[in-house]
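Trainee: I am new to this structure. Could you walk me through how to read it?
Mentor: Gladly. Take a look, then ask about one feature at a time.

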Amino acid sequence: MTTTESSSVAATRGEARRQATADSVYKPKDGLLLEVDDLFVEFHTDDGVAKAINGVSFDLYQGETLAILGESGSGKSVTAQAVMGILDMPPARITGGQVRYCGQDLLTMPDEQRRKTRGPEISMVFQDALSSLNPVFPVGWQIAEMFRQHRGMNKSDAFERAIKLMQRVQIPAAKERVKAYPHQFSGGMRQRIMIAMAIALDPAVLIADEPTTALDVTVQAQIMGLLQELQEERQMGLILITHDLGVVADVADKIAVMYAGRIVERADVYDLYRQPAHPYTKGLLESIPRLDLKGQNLAAIGGLPPNLMRIPPGCAFNPRCRYAQPLCTQDRPELREVLPSREAACHFSEEVLNG
Amino acid sequence: MTEATTIAVGQETHVAEASEGGARSLASDAWRQLKKNPIFWVSVVLIAIFVLMAAVPQLFTSTDPTEAVLKDARMRPNADAWFGRDIQGYDIYARTIYGARASILVGVFTTLGTVILGSALGIIAGFSGGWADTLVSRITDIFLAIPLLLGGILFMATFPNNADSPYIVVVLKVVLALTILGWPSLTRLMRSSVMQVKPNDYVQAARALGASPWRIIRSHILPNAMAPVIVVATINLGVYISVEATLSFLGIGLTPPAISWGVSISDALVALRTTPHILLFPSLFLSLTVLAFIMLGDAVRDAFDPKTR
C-alpha cells in the first residue's frame, strides 16, 4: 500500500471515528467494551432441549483480541450469535445472563435500538465468505450500502468510500473491481470484502466467526494478518472464534477454551500454550501434528463431544478425561483461579499444570 | 511528482469512477444486460405491437368488427378479408385485432394481481414463519383446492354480467375472479423460494451488520428469490388468457358483443373441421402473445442473475 492511499484512508477513518463517537451514546468505561455475564442459551427442538451455552462469562477491552477456542458444537458460534443478537428465536432461547455493551444490557434493549448497534458498534465477519455476500449485487454496492444505510450518504460518496475501504483491505485494482460480483472473486478476496463491510462503520467490537476456515493456508495467514492490522489501527476489541489452535497463536491476547457450552479455561495466550491448566486444552495441544514426532500415532482426544441434550453430570469432559476421578462425575468444577490471572474449570488443574 | 499532486490526481479518479459506478444498482445492471439480449428485443417488439393493438385497434384496421356480412360467412382468406370471415360473416382480421384488448387486459392485470398478492403473502409466510406462515399456508391450501376453471365458473355465475355492464367492469370481474383463484400457486412458490434464501449466510450477515427487516427483504431476499416467480408468472399469463377464453366459451366470461380471442376461439370450434382458418388466426395471436411474455420473463430472469453475465 502506498503512502498516498494510507493517508487518505487514515483521513476518512479519523473523520468516521469522530462522527461515530460524537453520535454514539455508547462510551466504554476504562476501555471495557463488552461484558458477557453468565449467559445461558437453549435450543428447543422436537427431540428435547439442547443446552448450547451454560453460563459463559467473559470481558473484552479496547484493543484486545480474545480468542474463543473449541470444537464443533462447543457453543462458540452460538455465543457469537447471542452477542450479535442474530440467533433465530425460536428455536433458540436465551434463558439467563446479560450481554452488556458499554454498560448497557443488549438483551433487554428494544429490538430497533439494538439493531442500530449492529454495524456501527458491534460487527461480525462470517465463516464462509463464499456465501456471506449477496450474489446479485456488485461488491462495491454492498459495501456502499453500509454507508448509505447507516450514515445516510449519497450514492457517489458512499461508492468512493467503498473503493477506499477495498483498498484498505488490500484488494488489488479496487477501482476496477468495485463493480464486480462476488462470484468473480476468489475466496480470500471475498473474505476481505466481508471484512471491509464489517469494519465500514468503525465498530468498537468485531466478532470474527472462524474467518479463515474456508480458506487455504497461505490465504489464512494473510487474512489473520489483515485482521490484526485493522484491530491495532482502530483499537477495536476483536473476538476471534476458531477451532484452529495454530490460527490464534500469533494474533490473540487472551484465549477462552469452550467445551459443551462452558468456558473450561481462560488464560493469556502464551501461558496457555506453554502450560495448559485443563485436561481438554492439554489434549487439544497434544493433538497438533508435530514434525518431530513423525511416524508416531497422533495423540487425539478419545471419544466424542457430549450430546448437548444429555450433558453428563459433573464435569462434562469427564468421560474423555484421563485425569477423571469419581469426584468428576458428581461435582461440576467451576471456573477458578489456578494461577495468577489464569482460570480453569477442573478439580485437578494443579496436576494438569504439573504435567 | 509531489505527494500533493498524487493525492489530487487520485481523488479525481475516485470521483470520476464513483459517479459512474454509483449510478449502478441491480436494476440498472439488469437493464444493461437486457439491452444486449436479442430475445428481449423480439419480445418487447411483439408485446408493443399487441399493446398498441389493444389500445388503438383503429390503427391496424378500418373494418368494423361488428359488421356481419352473412352472405360471405366462412369465406376463406382473400384480398378483401385478409383472414377470411367467420360463421357470422364477421371479418376475422378485424375481430382478431379488436380482440387483443380484452385478452391482454385480462392476461396482464391478472398476472400483476397474482404476482403482487401471491408474492407479498409468500414473503410474509416464508420470512416470518411461525403462526403467520401456518395461517397463510392453510389459506393457500384452501384456495389451491378450488380448480381454476370451476372457481371461475362459480364466481362468474354468482356475479353474472348484465347486458348493460360497462366493458371495463366485465373485464375487471374476470380479472378479479382469476386473481382470487390464481395467487396461491405463486404464494407457494415464493414461500419456498424465500425459505431457501433466508438461511443463507448473506442474510445472516446483513442482520449482523444492522439491516432492518424491510431492507433484508428488499435487497437480500426478494432479488434472490424472485426468479422462479417471474418464470411461472409469465407462463401463467398465457394460462389466464386461455381461461378467459374458456369462460367466454362457456358464455360467462366476456360475452358478445364483447370481442376477445377467447370468444372468437370458442365460436370457431363449431366449424373446426370444415373451416379451420376461423380458429387459426385468433389462436395464432393468442400463442404469439403468450410466447412474447414468456420470452420477456425469461430474459428478465436471466438479466437479474449475475452469474449468467
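Predicted model: local features only at pLDDT ≥ 70, side-chain atom pairs only at ≥ 80, totals over all residues.

Trainee: What is the phi of A:Ser341?
Mentor: General idea first. Most residues other than glycine have a negative phi. Now the case here. A:Ser341 is not a glycine, yet its phi is positive, near 55 degrees.

Trainee: Is A:Ser341 buried or exposed?
Mentor: Count C-beta neighbours inside 10 Å. A residue with 12 or fewer is exposed. A:Ser341 has 10, so it counts as exposed.

Trainee: Which phi does A:Glu210 have?
Mentor: A:Glu210 has a phi of about 45 degrees, again positive in a residue that is not a glycine. A:Glu210 lies in the loop that links β7 (205-209) to α8 (217-234) in chain A. Its count is 19 C-beta neighbours inside 10 Å, so A:Glu210 is partly exposed. The cut-off for buried is 20 or more.

Trainee: What is the mean pLDDT of chain A?
Mentor: Read pLDDT as the predictor's confidence in each residue. For chain A the mean is 81. In that chain, 93% of residues reach 70 or more. Residues 1-19 of chain A are another matter, with pLDDT below 50. That stretch has 18 contacts in the model beyond near neighbours in sequence.

Trainee: On to chain B. How many helices and strands are there?
Mentor: Chain B has twelve helices and zero strands. Its pattern along the sequence reads α-α-α-α-α-α-α-α-α-α-α-α.

Trainee: Why is chain B said to be more spread out than a compact globule?
Mentor: Compare the radius of gyration with the globule rule. For 309 residues the rule gives 19 Å, and chain B comes out at 25 Å, well over that, so chain B is more spread out than a compact globule. Its C-alpha atoms fill a box of roughly 90 × 55 × 35 Å along the principal axes.

Trainee: How much of chain B is buried?
Mentor: Buried residues are 43% of the 309 in chain B. Now look at contacts with a separation of 6 or more. In chain B, 73% of these join residues 24 or more positions apart.

Trainee: Which residues of chain B does UniProt list for a domain?
Mentor: An unreviewed UniProt entry lists residues 100-297 of chain B as "domain: ABC transmembrane type-1". In the model, that range is 80% helix and 0% strand. Its end C-alpha atoms are 20 Å apart.

Methods
Residues numbered from 1 in each chain as written. Chains lettered and ligands numbered in written order. pLDDT = per-residue confidence, 0-100. Contact = placed C-beta atoms within 7 Å. Helix = DSSP H or I, 4+ residues; strand = E, 2+ residues; numbered from the N terminus. Rg over C-alpha atoms; globule rule 2.2 N^0.38 Å. UniProt positions renumbered as here; feature names shortened; annotations may be inferred.
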